[in-house]
Amino acid sequence: MQYYRDGFYPGDPAVAPAAPEATSVVDAPFPDEVDVLIVGSGPAGNVLAAQLARFPSITTRLVERRTGPMEMGQADGVACRTMEMFQAFGFAHALQEEAYWVNETTFWRPDPERRDHIMRTSRVQDVEDGLSEMPHLIMNQARIHEHLLDAARNAPARLVPDYGLEFVGLEVADEGEHPVTVTLRRVGPEGAAGVGEEVTVRAKFVVGADGARSEVRAAIGRTSSGERANHAWGVLDVLATTDFPDIRFKAAIQSAEHGSLLLIPREGGYLVRLYVDLGTVTAENRATIRSLGAEEVAAMANRILHPYILDVKETVWFSVYEVAQRIADGFDDAVGRDLGRGPRVFIAGDACHTHSAKAGQGMNVSMQDAFNLGWKLAAVLEGRSHPSLLETYDAERRPVARELIDFDKEWSALLAAPPRDPEHPERGGVDPAEVSEYFVRQGRYTAGVATRYRSSRLTGTDEHQSLAAGLTVGMRFHSVPVVRVGDGKRTQLGHSAVADGRWRLYAFADASEDRFRALGDWLGSAEGSALVRYGVGRDLEGFVDVRGIVQRPHSQVDLLVMPEVLRPRTGRLGLVDYEKVYAADPGEDVFDLRRIDREEGALVVVRPDQYVASVLPLNAYERLTDLFDGVFIRPELPA
């Protein structure tokens, strides 16, 4: 963690000094005009707020219909990929201390000798070795919100939500600096001051993160389509005593006659969540299923767990829901509009896609929606990128949502299917071994690291993929241990990236370091350099972060003879950044682990949302410039 770049300040270094131009401060009156209006403080809305709060020149407001923050959330699974993102926001370490770690998953099926009993049939490692440096965690959604809102509150813009404001409608004009006019209404206890009052705000951009029944989605003419699986589940968060031996392991349990149960331990050492199979839903039984209470569902759980007993002492949260997989026909307001200047209204999270909770991906994918959109909005609003960049949000995220829904259908069907009876195979059902095998096979997907963006203006081809075979173009940058040359610290290379909207250039040195040094010199000073080309009149460090990784031991590297772009003067005081150069860790060599070509080296270009945009030869200067031509606007030089 780096701080004091622009001068010393006392107190918690995680609380950045408030920027002089910050406009989204605590208790500030609601403005008539904003750059970005976020509707809904769920996971997607809060990630977007935390991202944009790092840009104090951008006026952002986050409105929420609830009169205060969420206290008890629905989602709880935090995938490895999400933890990688949280590292960039600065609170992954705190979450690891507080959350439940999913280490192993066990699978239970009917005992062949006593079909009314269940028995453990397999145990698998939840996350395969080397998949991520981050764990798979379980944490109440409300606490995730708190961490994200703290990140927004502690950022230079000091962004806080405006509670008690519900979305009423919007209109988008064809021109104007703030073309989106939004009407909001104050809500709260009957008779309270201001309740019912309407507020009008004009915005450059609006993002609807307002849930599955999104009013913003309806306002821009987007529709959500899909189907119900006609299967219901009861969900309980309980404090209980039990003789079930795997109460602190994630467990998928199939009974012979009473359905299935997915057991997920929660944070704190005592709390546990139960997803209880309530069976097929029909027109005749829908009302009955929806009327079930927590005690009745807990009794069903006990029948599934037989011969084990679960004695519920306290039910913390309870719900009954039907599985439904739906996706919007578009994630922005591009319907029938001239996109010469890019879309103006977006939707994210559940407003775009809904699915069951079994895959543990809903909250995670929703937050990745916002992370994808946030840096693009910042780049456009700060004048670094053309508004057409925003068209890539729908193009990239809608296919991801479709893949999630397809996966969710398969996984939910497997969990809901009855186990196959070896003595009566004609009755059908699923072999419990299939469930565990499918879980292992889809491990990369459930960890959130399987997403791959297609070739586009932001993502190159795999022409030079062999130079860094373990850092796949279009997929997230897979961190790896390195040794920082400046102080000899063993650290994670990917953790040098924070959620600041910057692109990253990781230059992995060739054997002789000739091309490595030549690249550094070209980047820092050559007239045709991709950085000089777009950095004239700008803070170069503000939009591109260059890092170098050499093959030699760190003790053999003289930092002061490295190219100046790897030891830049930065910030208001012109201080030297000594944390740009790394050496391979002799115990876990990055060149071996990520299959970097030792002779040729490689330049790995990484987007602000941590996805690999391109792998290039160290001397592919024109290719790098071409890539950035599709991202940045070249500043106009003074006459």
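These legends describe close-up views of a predicted model.

**View 1. Buried residues of helix α15.** Helix α15 spans residues 621-629, and its buried residues are Leu624, Thr625, Leu627 and Phe628. Around the axis they cover an arc of only 160°, which puts them on the same side of α15. An α-helix has 3.6 residues a turn, so residues three or four places apart point the same way.

**View 2. The aromatic pair Trp108 and Tyr308.** The model holds 17 aromatic pairs. In this one, the ring centres of Trp108 and Tyr308 are 5.7 Å apart. Their planes stand at 90°, so the pair is edge-to-face. Trp108 belongs to strand β5 (residues 104-110), while Tyr308 lies in the loop between α7 (294-305) and β16 (310-328). The pair therefore ties together parts that are 200 residues apart in sequence. Trp108 has 3% relative accessibility and counts as buried. Tyr308, at 22%, counts as partly exposed, because buried means under 20%.

**View 3. The aromatic pair Phe346 and Tyr393.** Phe346 and Tyr393 are also edge-to-face, at 5.9 Å centre to centre with 80° between the planes. Phe346 sits in strand β17 (residues 345-347) and Tyr393 in helix α9 (residues 391-416). This contact therefore ties together parts that are 47 residues apart in sequence. Both Phe346 and Tyr393 are buried.

**View 4. An aromatic cluster.** One cluster is formed by Trp375, Trp503, Phe543, Phe628 and Phe632. Phe628 is also among the buried residues of helix α15.

**View 5. A charge over a ring.** Arg123 places its charged end over the ring of Phe249. The distance to the ring centre is 5.0 Å.

Note on methods
Residues numbered from 1 in each chain as written. Predicted model: local features only at pLDDT ≥ 70, side-chain atom pairs only at ≥ 80, totals over all residues. Heavy atoms only, no water. Buried < 20%, exposed > 50% of the residue type's maximum accessible area, 1.4 Å probe, protein only. Helix = DSSP H or I, 4+ residues; strand = E, 2+ residues; numbered from the N terminus. Arc of directions from axis to C-beta. Phe/Tyr/Trp six-rings, centres within 6.5 Å; stacked < 30°, edge-to-face > 60°. Lys NZ or Arg CZ within 6 Å of the ring centre and 35° of its normal.
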